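Keep the structure open as you read.

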Amino acid sequence: MTNLLTCPRFMLVGGGTAGRIPEVLGRMRVDRPLLVTDAALAETPMFNAALQTLRDSGRCVQVFADTVSTPTDGVVARGLEMLKAGDFDGIVAFGGGSVMDTAKAMNVLYCGGGSLRDHALPDHLADMRVLPLLCVPTTAGTGSEASRFCAVTEDATGEHLLLSGLACVPEGAVVDYELTLDLPRRQTIDAGLNALTHALEAYVSRSASTLSDALALSALRLIGRALPKVVKAPHDAKAREDMMLGAMEAGMAFSDVSSGLTDGMSRAMSLFFRVPQGIGSAMLLPAVASFGLAMAPERYALAARAMGIATENDDDDMAGAKLVGFLRRLCAELDVPSPRAFGIDEEEYMDALGRMANAALAPVPGAPAVASAEQVEHLYRQAYE
């Protein structure tokens with residue numbers, strides 16, 4: 001299958017590269033950037049080191065630090081006001097997926113006007129010219145630094161708006177694993193499982209291409225081995241580096257093939273019950289993988305072998321079963337809650353099954369098989385327990 005792969009023009013990857021942000025901005029011809037982050041990160045030494053490096057380079061920098069864990073159009077609007085009020089020639093997003101998605105959405109509205117709904121899928125592509133955007137991820141999670149997507153929740157309706165297009169592709173990315181060395185355990189887990197979900201769903205997708213396969217398999221090898229290590233040994237530099245590279249590759253592969261069923265279901269769960277998407281993906285991944293196994297046994301088996309879970313001596317059925325078993329054990333070991341344990345009321349959850357299923361199926365062209373609304377409801381029920 002032939003797909004359109006998009007990625008940043010500049011990607012500086014490796015330990016210590018955060019100190020070279022001015023160098024990358026120089027190649028992007030950005031002198032007056034708006035630096036987008038969140039309030040917690042704005043207080044950290046690593047952020048202030050990056051800010052000082054920018055100022056020492058002679059750049060005039062202002063900071064927007066109001067982003068939140070689940071981006072909303074209200075927060076985007078506040079950032080847009082600041083963007084419009086200043087004389088900025090570029091944007092730097094310093095943070096996790098939420099920070100990067102907020103910066104992307106601000107950029108789309110700054111250059112495209114209107115509301116986010118005017119640029120959202122399934123009816124619109126965000127392909128307009130935008131300000132140069134440099135993404136500096138501080139988690140190994142969404143891979144937003146290398147993808148053509150951003151997701152924002154609409155305050156008035158609670159609906160997730162998904163934007164896709166060239167306007168959402170950063171011009172540059174600085175991917176420095178050292179920024180994740182002090183990441184808290186829960187953030188490490190949630191981000192890492194989100195990256196694993198992206199890699200696996202990209203590989204088993206019906207929309208997969210030769211290039212997305214190469215990226216997804218590489219990501220599965222890296223993340224499958226590194227995630228348990230970074231949870232047990234947070235300062236394991238090699239494991240942190242592998243997670244950062246794996247998340248970036250998963251983001252590129254996922255961007256190529258579009259959304260899968262786990263992603264669609266977790267977005268719907270977030271819409272109805274405000275579950276952060278990384279946690280929602282982890283809640284759902286074992287059940288969805290078990291469902292998809294029958295539709296794409298060879299793909300799941302190859303993924304299991306790439307992750308070191310199965311061997312060449314295992315047939316496809318055995319390898320796939322080992323993968324599902326690994327995902328269940330991993331989620332248990334990493335204290336991933338069920339929707340029940342997360343605190344979602346059972347009656348409210350069951351009442352919302354049909355609406356969640358319909359919302360989940362809308363954006364999943366890349367699932368390995370077409371699921372019915374009834375099958376998705378069943379998967380939600382499995383996950384609840």
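A word on the ground rules: the model is predicted, so local features need pLDDT of at least 70 and side-chain atom pairs count only at pLDDT 80 or more, while totals for chains, interfaces and linings use all residues. Residues are numbered from 1 along each chain as its sequence is written, and side-chain values use heavy atoms, with hydrogens and water left out.

Let's begin with the open space. The largest pocket has a volume of about 1200 Å³. Here a pocket is an open set of points on a 1 Å grid over the protein atoms alone, with protein on both sides within 12 Å along at least five of seven lines; a cavity is a set of points where a 1.4 Å probe fits but cannot get out, and lining residues have an atom within 4 Å of a point. Grid points are joined across faces, edges and corners, and a volume is the space filled by probe spheres set on the points. Of the 50 residues that line the largest pocket, S69, G96, G97, S98 and T139 are the closest to its centre. The elements giving two or more residues to this lining include α5 (97-112), β6 (149-153) and α8 (237-257); helices (H or I, at least four residues) and strands (E, at least two) are DSSP runs numbered from the N terminus. The lining has 19 nonpolar, 24 polar and 7 charged residues, where Ala, Val, Leu, Ile, Met, Phe, Trp, Tyr, Cys and Pro count as nonpolar, Asp, Glu, Lys and Arg as charged, and the others, Gly among them, as polar.

Which helix gives the most to the lining of the largest pocket? That is α6, with 5 residues. The largest share of the lining of the second largest cavity, 3 residues, also comes from α6. This cavity has a volume of about 40 Å³, and its lining includes A140, T188, R240 and M243. Of the 20 residues of α6, 17 are buried, so the helix is largely enclosed by the rest of the structure; buried means under 20% relative accessible area, exposed over 50%, and partly exposed in between (1.4 Å probe, protein chains only). In α5, 13 of the 16 residues are buried, so this helix too is largely enclosed.

Now to the packing. In the largest nonpolar core, which has 80 residues, Y349 and Y380 touch the most other members. Such a core is a set of buried Ala, Val, Leu, Ile, Met, Phe, Trp, Tyr and Cys residues joined through side-chain atoms within 4.5 Å. A second, separate core of 29 residues includes M106, L131, V152 and L163.

Finally, the loops. P122 sits in the loop between α5 and β5, and a cis peptide bond, with omega about 10°, joins L121 and P122. Most residues other than glycine have a negative phi, and most peptide bonds are trans. R29 has a positive phi near 60° and is exposed, at 69% relative accessibility. D335 likewise has a positive phi near 60°, but is partly exposed, with a relative accessible area of 48%.
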